[in-house]
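Start with the structure shown here.

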Amino acid sequence: MKIIGYIIWAISVIMLFASCDKDWQNYPDGYDTQYYTAYDYVYDDLGNPVMSNRTISAEKSSKELIELPVKFMAEIERDYDIEVRLYVRNSPSFLELLGVKKTPGQYSTPDSLAVPGIDFRILDSEKNVMSPVIADTLTYYSLIFPKAHKGVKTLYIEMLNNEDYSNVRSAWLSLAINPIDVSTEESLKRTAVNHDAGNYLVYSISRSYYRRLDIR
């Protein structure tokens, strides 16, 4: 009886996996090559993990490193690596769409915008200085997740004590190229892109895709 029971169990397991394979084949085209990224959870006053966009304030003379954990979500490992991009966005057009540039002249002058390599720099998870990629009008840092393996990479922000300015200087560290528009499904899909590599596509999550950095 034990042998018969084992045979029945084994057959049921095989049928289950066969069913899963069939269901997977019925997923929409491209489902298995779309990935998601966001800033990792922060915790509310009750200690509950939440995802949120937020502002980080720092003194320019501070020696303390600020953690910047980036979460990559995937369920299937691949034979290729996935690149996630961390953009430094402080262009007037970006800020207008984000709703930040509300008054004439606000964040439209160079002295109000923080610049990587001058006001701050980004360190990798080993606390080595990262070099930004500057392409056309975009500046970004490249994070590689080998074999599309999900996980969290903790980056660090280091202040450079730029004493040339006494006013607050700000930068937006964004995981999306554009400010994300959630008004429609179409606009969300269009604006939530982090990186389109051709053979895969990385989207950002609107609830936690940017950190505003205010350096005082």
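## Cavity, pocket and sheet

The whole structure holds 1 cavity of 30 Å³ or more. A cavity is a set of points on a 1 Å grid over the protein atoms alone where a 1.4 Å probe fits but cannot get out; a pocket is an open set with protein on both sides within 12 Å along at least five of seven lines; lining residues have an atom within 4 Å of a point. Grid points are joined across faces, edges and corners, and a volume is the space filled by probe spheres set on the points.

The model is predicted: local features need pLDDT of at least 70 and side-chain atom pairs pLDDT 80 or more, while totals for chains, interfaces and linings use all residues. Residues are numbered from 1 along each chain as its sequence is written, and side-chain values use heavy atoms, leaving out hydrogens and water.

The table sets out two spaces.

| Space | Volume | Lining by class |
|---|---|---|
| Largest cavity | about 30 Å³ | 2 nonpolar, 2 polar, 4 charged residues |
| Second largest pocket | about 230 Å³ | 5 nonpolar, 3 polar, 2 charged residues |

Ala, Val, Leu, Ile, Met, Phe, Trp, Tyr, Cys and Pro count as nonpolar, Asp, Glu, Lys and Arg as charged, and the others, Gly among them, as polar.

The largest cavity is lined by K60, D119, N162, Y165, N167, R169, I215 and R216. Around the second largest pocket stand Q34, Y36, E185, L188, K189, A192, Y203, S204, I205 and S206. Helix α3 gives the most, with 3 residues. Helices (H or I, at least four residues) and strands (E, at least two) are DSSP runs, numbered from the N terminus.

Now the sheet. Six strands form an open sheet in the order β4-β14-β11-β6-β9-β8, with mixed pairing. Its edge strands, β4 (54–58) and β8 (133–135), each pair on one side only. Two strands pair if DSSP finds at least two bridges between them. Strands β11 (residues 169–174) and β14 (residues 210–215) pair in the antiparallel sense over 6 bridges. There, L173 stands opposite R211 in β14.

R85 sits in strand β6 (residues 82–89). Is R85 buried or exposed? R85 counts as buried because its relative accessibility is 18%; buried means under 20% relative accessible area, exposed over 50%, partly exposed in between (1.4 Å probe, protein chains only). The side chains of R85 and H195 are joined by a polar contact of 3.4 Å. Such a contact is a pair of N or O atoms within 3.5 Å; within protein, one must be able to donate a hydrogen and the other to accept it, and residues adjacent in sequence count only if both atoms are side-chain atoms.
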